[in-house]
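Please look over the sequence and the structure below before reading the notes that follow.

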Amino acid sequence: MTTEADFTLTPGEERGVPVVTVGGEVDLATAPRLAEHLEGLGESGATTVVVDLTEVRFVDSTALGVLVAAMKRLRAGGGDLRLVVTEPHLAKVFSITGLDDVFAIYPTTADAVSA
Amino acid sequence: MSSPAPAGPAPGEGEDEAGGTVELSFPVRPDLVFLARMTGTAVASRAGFGIDQVEDLRLAIDELCLTVTGGGEDGRRRLRLSFEWGDHAIRVHGRLEAPAGDGATPAATPETEIEATSTELSERILDALVDEHGSEHVDGVTRAWMVVRRRHRP
């Protein structure tokens, strides 16, 4: 299936901060994989997580819901979910939903990690 | 230095003036929703929409599908979409079809916090991206529709 093939999730770490690099299309079919990974990071003790969306071409409300839920969980534990967004159309989705005021959004992974 | 956006057709360029209708039907499965987005992209191209608005339409169609299906999976039911274009606009209608003899389907309601958040965000996305949209649940059938008019560059 095109959608599954287009979705990528690459776990990493920079300066002790988990960095999740996501690519392709994050929608109803693929968002559960992102949700599962973020839940796993929380359960393993991570407080702050960076999600790099630079290579994402499409997100829908399902994907945004997953990110909001992860952000709430991490903030409740004193941490945060930081996003890296550079693609204008993706930035527009965060803007029209008002989530650009809710998430900490950075232009690079390095900025997000060191914030 | 930033590079210029890729050149694409200007809105209206290559428009199929006669208009038309395309119908798409597929089982209610999350991994098939991309078919609706692909169809929307093709229809928007025929209707002469510019690249930015095609991107908006792809997202809006995805959200319309979520409105109709509730984001669930039910391979026995089918999501039927019709895409009509003409008069510089695209109208998309969606509804669930159940197998003959199946009872009415209850309206989809969010069951988890993530689903509730997604439903609220979906509404905001449609409000922002389309000119008109709505949904109804009548006699056990959920329907949703939207209208997107072609924008002109200033």
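How many bridges join E3(A) to E4(A), and do they run parallel or antiparallel? Five bridges join these two strands, E3(A) and E4(A), which run parallel. This is a predicted model, in which local features need pLDDT of at least 70 and side-chain atom pairs count only at pLDDT 80 or more, while totals for chains, interfaces and linings use all residues. Residues are numbered from 1 along each chain as its sequence is written, and chains are lettered from A and ligands numbered from 1 in the order in which they are written.

**Strands of chain A**
- Helices (H or I, at least four residues) and strands (E, at least two) are DSSP runs, numbered from the N terminus, and two strands pair if DSSP finds at least two bridges between them.
- Val49(A) has Leu81(A) of E4(A) as its bridge partner, and three bridges join E4(A) to E5(A), which run parallel.
- Four of the five residues of E4(A) (residues 80-84) are buried, so the strand is largely enclosed by the rest of the structure; buried means that 20 or more other C-beta atoms, placed from the backbone, lie within 10 Å of a residue's own.

**Helix H4(A)**
- The buried residues of H4(A) (residues 88-96) are Leu90(A), Val93(A) and Phe94(A).
- Seen down the helix axis, these buried residues fall within an arc of 95 degrees (taken from the directions from the axis to the C-beta atoms), so they line one face of H4(A).

**Contact between the chains**
- 20 residues of chain B are in contact (C-beta atoms, placed from the backbone, within 7 Å) with 21 residues of chain A.
- H3(B) gives the largest share of the side of chain B that touches chain A, nine residues.

Methods. Buried ≥ 20, exposed ≤ 12 C-beta atoms within 10 Å, placed from the backbone. Contact = placed C-beta atoms within 7 Å.
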